[in-house]
Amino acid sequence: MKDIIKKLTQAYGPSGYEHQIRQLIREEIRGHADEMRANALGSLIALKRGSGRGKKVMLAAHMDEIGVMVTHIDEKGFCRFASIGGVFPLTLLGGRVVFGNGAVGVIGMEEKHFERGKTPPLDQFFIDVGAKDKASCPVKVGDAAGFLRPFEDLGDRLVAKTMDDRIGCAILVETLRKLRRCPHDVYFVFTVQEEMTLAGAGTSAYGINPDMALAVDVTLNGDTPEAKHMAVSLGEGPAIKVQDSGMVAHAGVKELMVRRAEQAGLPYQLEVLSGGTTDAMAIQIVREGIPTGCLSVPCRYVHSPSEMVDYQDVQNSVKLLLAILAKPIEL
Amino acid sequence: MILQELAQAIGVSGNEDAVRKIIADAVRDHVDELHTDTIGNLFAVKKARRAKRALKVMVAAHMDEVGLMITGYDESGGLRFQPVGGIDDRVLPGKVLLVGPDKIPGVIGAKPVHLLKGDESKQVIKIDAMVIDIGASSKEEAEKLVKLGQVAAFATRYNKVGRTATGKAFDDRAGCAVLVELLRGARFPFDFYGVFTVQEEVGLRGARVAASAVEPDCAFVLEGTVCDDLPKDKDTSPTTELGKGPAISLMDRSVFADRRLVDHLVATAEKLGIPYQFKQPGVGGTDAGAIARSRTGVPSVPVSVPCRYIHSPVARLSLDDFDNTVRLMRESLKRLTPDLLRR
């Protein structure tokens, strides 16, 4: 699975600009789904039909990544920018970004305004794309960029930009490829715009109107030095969400996930996340309400260019999804 | 000009009746259907030129404006109030208002400069320390004149000054006026749903239900937007600039504009030599946020007339920008085909 993880995490796709990552996923799952289409906002929906007596199940992972959008280009060709999603200024200086057209930029900072010991606000940073002036600048106002950082295989642990949520996309791709003898119609949905508005998830769920939905996304952890308290650690298994700041997981869905993990002998941990949410928040309140849960991959340094996950957790996430889908579902 | 009439009408969020009536009268003879929904949105439908209707396009502008709501009375006859929509406390003291359905003139009292002590002149007066003075001499008299929950709007006349205009509520009567002009023009090659929405300033509420009812293939949202082109000491861009043409949004706090629609607007503008500008990404939010997320999703883009000093008692816009917004929208819509929205 490391190949697909590497491929997906290296792809370009800030929120609202998911064309390239959508095309890549489309190619990776071609031939494995019975139907495939992109909807009005650009979410990719792949249906794998079941034997006909099961439920309609939606699995969602978001394709988009955090990034930046150019707001202004000054006379010397430096770009000012706005954040796409939750970009922390602390992670910016010296970082690199890549635009849809391949142009690469380095993030610099207004030195005059820097106060030792204080993180400058976003508007004191700029992107240097190597232009000599405004006329030669290879990017325009409104162009979006993602962060640029190579994938690293550390053995048990994997590091890349955009593990949030390409790891979820990779888990969905792998689950789709391995899914056999399933009673359910399973909709594998690769959503858009999660990092800003959750616009892809709710609109996809509206169109599908599933009996049950699971978002697959990353979550935080409490296992690094002097971390905030959180009972989730890397390598202890996929996390089954109880609640986060945007939603309370449907109790029946949560219990189903726990039951299937135990039956299959898979490690798991329960997750209560105090800050942040996922596509599950938007899906849960669509139409008359959809029983929704969330399978989370514990991840360190979320929303930095070096997000780290445990490879066993990733593989066990695929196994847990397959275990959930293998049998009839009663909530 | 319809903009003048619209800007002088009062339509604080939730109280859009007067604005709706002006618009309905202005477009009635030019549309095939005209109706109001339960929340108060006005739908003006212009059917396609030909029978073949491959697209359904929604163009929306919000009728409501920011204002004040009366929340209580002082013993001495002053009215307590809270803001409706986003209003900066600092723009309020000393302003003249029209209060309630009878449009009673009132003024937000400010202490004369003669009486200021020490640092008082440097402090911002918070809204809950202000009262509206309508000349009542007691609580009882004030209660008779203005009921709790009634609203107040800024008492600002519309003025044309050269190729600019000043007035209140250009956010979003400028958008409403552009939409009226589009409805009064020729038919389009698709069913055109002009929707004048309510309650945008308090949470995009009208647009949400309107989009759900129309189920369009794509949407354009017409706005009067932030313009901060006054001199700056750093080379960082203004949100928009007066006189530089309609402002096309790419990303704000509520929505990612559909890039295909953005590119279509830009291509049309460049082909016909219509000036345009991009609104600086990341600022504000519009009805597009609610429309884009309606049902199975609607590709949307906001297009705005730049207005200096919005959400204050008076704003200024360029009449050339206004005319160019009408023109850019009309020409872009005429050239809109279903191919554009295929993935």
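Modeller: Two residues are in contact if their C-beta atoms, placed from the backbone, lie within 7 Å. Helices (H or I, at least four residues) and strands (E, at least two) are DSSP runs, numbered from the N terminus. The model is predicted, so local features need pLDDT of at least 70 and side-chain atom pairs count only at pLDDT 80 or more, while totals for chains, interfaces and linings use all residues. Residues are numbered from 1 along each chain as its sequence is written, and chains are lettered from A and ligands numbered from 1 in the order in which they are written.

Colleague: What covers the buried residues of helix 1 of chain A?

Modeller: Start with burial: a residue is buried if 20 or more other C-beta atoms lie within 10 Å of its own, exposed if 12 or fewer, and partly exposed in between. In helix 1 of chain A, residues 2-10, the buried ones are A:Ile5, A:Leu8 and A:Thr9. Viewed down the helix axis they fall within an arc of 95 degrees (taken from the directions from the axis to the C-beta atoms), so they line one face. The cover includes helix 2 (19-29), strand 11 (157-160) and helix 3 (163-178) of chain A.

Colleague: Is A:Glu28 buried, exposed or partly exposed?

Modeller: A:Glu28 is in helix 2 of chain A. Leaving out residues up to four places away in sequence, A:Glu28 touches A:Ile4 and A:Val173. Because there are 18 other C-beta atoms within 10 Å, the label for A:Glu28 is partly exposed.

Colleague: How far apart are the centres of domain 1 and domain 2 in chain A?

Modeller: Domain bounds here come from an automatic or database domain assignment. For chain A that gives domain 1 (2-65 + 161-326) and domain 2 (67-147). Their contact takes 13 residues from domain 1 and 14 residues from domain 2. The C-alpha centres of the two domains lie apart by 31 Å.

Colleague: And in chain B, how many residues does domain 2 put into the contact with domain 1?

Modeller: Chain B is split into domain 1 (2-65 + 168-341) and domain 2 (67-154). Their centres, over C-alpha atoms, are separated by 32 Å. Domain 1 of chain B gives eleven residues to the contact, and domain 2 of chain B gives twelve.

Colleague: Which residue takes a positive phi in the hairpin of strand 1 and strand 2 of chain B?

Modeller: Strands count as paired if DSSP finds at least two bridges between them. Strand 1 (residues 33-36) and strand 2 (residues 42-46) of chain B run antiparallel and are joined by four bridges, with B:Thr36 partnered by B:Leu42. Five residues sit between the strands, and the one with a positive phi near 120 degrees is B:Gly40.

Colleague: Last one: how many residues of chain A are in the contact with chain B?

Modeller: Chain B brings 20 residues to that contact. From chain A, the number is 24.
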